[in-house]
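Reader: I'd like to learn how to read pockets, salt bridges and ring contacts in a model. Could you walk me through them?

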Amino acid sequence: MLLFFIGAFVVSKGFSQVRLGIADGAKTTVFMQDSAGSPNGESTPTFPPGDKTVYFANNGVICVAKKVGQGWTKPIPISFTGKYKDWDPTLTPDGKRLLFVSNRPYVAADRSTRTGNHLWMSQLTTGGMWSEPRHLDSPVNEFGLVNYGPSISASGTICFCSRDRDGNKGMRAYLCRWAGDHYEKPQLLVLNGNDPTFDPYIAPDERYILFSSDSALFISYHTGSGWSPGERLGPQVNEAAKSGMLWGPSLSRDGKTLYYNGGTADGIDMIPVRWK
């Protein structure tokens, strides 16, 4: 079992009623378009504090780039990636842990070696390197089940999507809370009725969840007792997509930029957003 400490974070019971919106006339652009190396759109970016570094996956390899002036350096693989397929990286809000999906082998409870598309965690060391990834054990990962599109809040709550889990047909979103020394059983998130739900991105303060469903992007807000029905984001995003689905939504650390995949151009799409 992976054990780690995440600083205490209390989510207020009185949630603000501000809503995410996209300004009229706002247009998508491609993230890192002018960089020495552009991502292929496999995953959206994740940033540590300071926004001077970015991580994302490219062809099953987790890469890092540094901001220099108004541009970014050529992305390079981080230390532990490259041997197996690693994707969907997401940082904890403090930037000290990296959660991601991998098909690398793991040792099961019966000591057998198994594989599966599961969630893994790496920790940033004092030397600035990433530790050898650790497999998140049951009840997060279960043999025979796949997990994708993770995100993690400041309190350690993980959201992800999983197919045909606990008798729920199709791809559905789940929320899994950190209990101090272990993860609790994942809870089904009903965000868009019974429609399949992909890539739930939970806010650092757990105030909202962005997700993909019905080939579009939605947002659901915490109500204090649960989650509101998902609200479809504006036409500047959802009606400008290529044929097929949009996926992998996330917000910049300042909450002013939406990132996602599957839009009008190759690569990672980005568009300014506002709260009102």
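Author: We'll take the pocket first, then the charged pairs, then the rings. Ground rules: this is a predicted model, where local features need pLDDT of at least 70, side-chain atom pairs count only at pLDDT 80 or more, and totals for chains, interfaces and linings use all residues. Residues are numbered from 1 along each chain as its sequence is written, and side-chain values use heavy atoms, with hydrogens and water left out.

Reader: What volume does the largest pocket have?

Author: The general idea: rolling a probe the size of a water molecule over the atoms shows where empty space is left. A pocket here is an open set of points on a 1 Å grid over the protein atoms alone, where a 1.4 Å probe fits, with protein on both sides within 12 Å along at least five of seven lines. Points are joined across faces, edges and corners, and the volume is the space filled by probe spheres set on them. In this structure the largest pocket comes to about 610 Å³.

Reader: Which residues lie nearest the centre of the largest pocket?

Author: T90, Y201, I202, S250 and L251, out of 37 lining residues; lining means having an atom within 4 Å of a point. By type, the lining divides into 18 nonpolar (Ala, Val, Leu, Ile, Met, Phe, Trp, Tyr, Cys and Pro), 7 charged (Asp, Glu, Lys and Arg) and 12 polar (the others, Gly among them).

Reader: And which strand gives the most to that lining?

Author: β21, with 5 residues. Strands are DSSP runs of E, at least two residues, numbered from the N terminus. At least two lining residues come from each of β7, β13, β17, β21 and β22.

Reader: On to charges. How many salt bridges does the structure hold?

Author: Side chains of opposite charge can pair when their charged atoms come close. The cut-off is a side-chain nitrogen of Lys or Arg within 4 Å of a carboxyl oxygen of Asp or Glu, and the structure holds 7 such bridges. Take R104 and D86, which meet at 2.8 Å, N to O. R104 sits in the loop between β8 and β9 and D86 in strand β7, so the pair ties together parts 18 residues apart in sequence.

Reader: Is R104 buried or exposed?

Author: Buried means under 20% relative accessible area, exposed over 50%, and partly exposed in between (1.4 Å probe, protein chains only). R104 is buried at 5%, and D86 is buried at 0%. Now look at D214 and R232, a salt bridge at 3.0 Å, N to O. D214 is partly exposed at 48%, and R232 is partly exposed at 46%.

Reader: How many aromatic pairs are there?

Author: There are 12. Rings of Phe, Tyr and Trp (its six-membered ring) pair if their centres lie within 6.5 Å; planes under 30 degrees apart are stacked, over 60 edge-to-face, the rest tilted. F31 and Y259 are edge-to-face, 5.5 Å centre to centre with 75° between the planes. F31 lies in the loop between β2 and β3 and Y259 in strand β22, 228 residues apart. F31 and Y259 are buried. F47 and Y259 make a tilted pair, at 5.7 Å and 40°. Ring pairs link F31, F47, W72 and Y259 into a cluster.

Reader: Where does the charged end of R104 sit?

Author: Over the ring of W120, 5.8 Å from its centre. The rule asks for NZ of Lys or CZ of Arg within 6 Å of the ring centre and within 35 degrees of the ring normal. R207 likewise lies over the face of W275, at 4.8 Å from the ring centre.

Definitions and conventions: Helix = DSSP H or I, 4+ residues; strand = E, 2+ residues; numbered from the N terminus.
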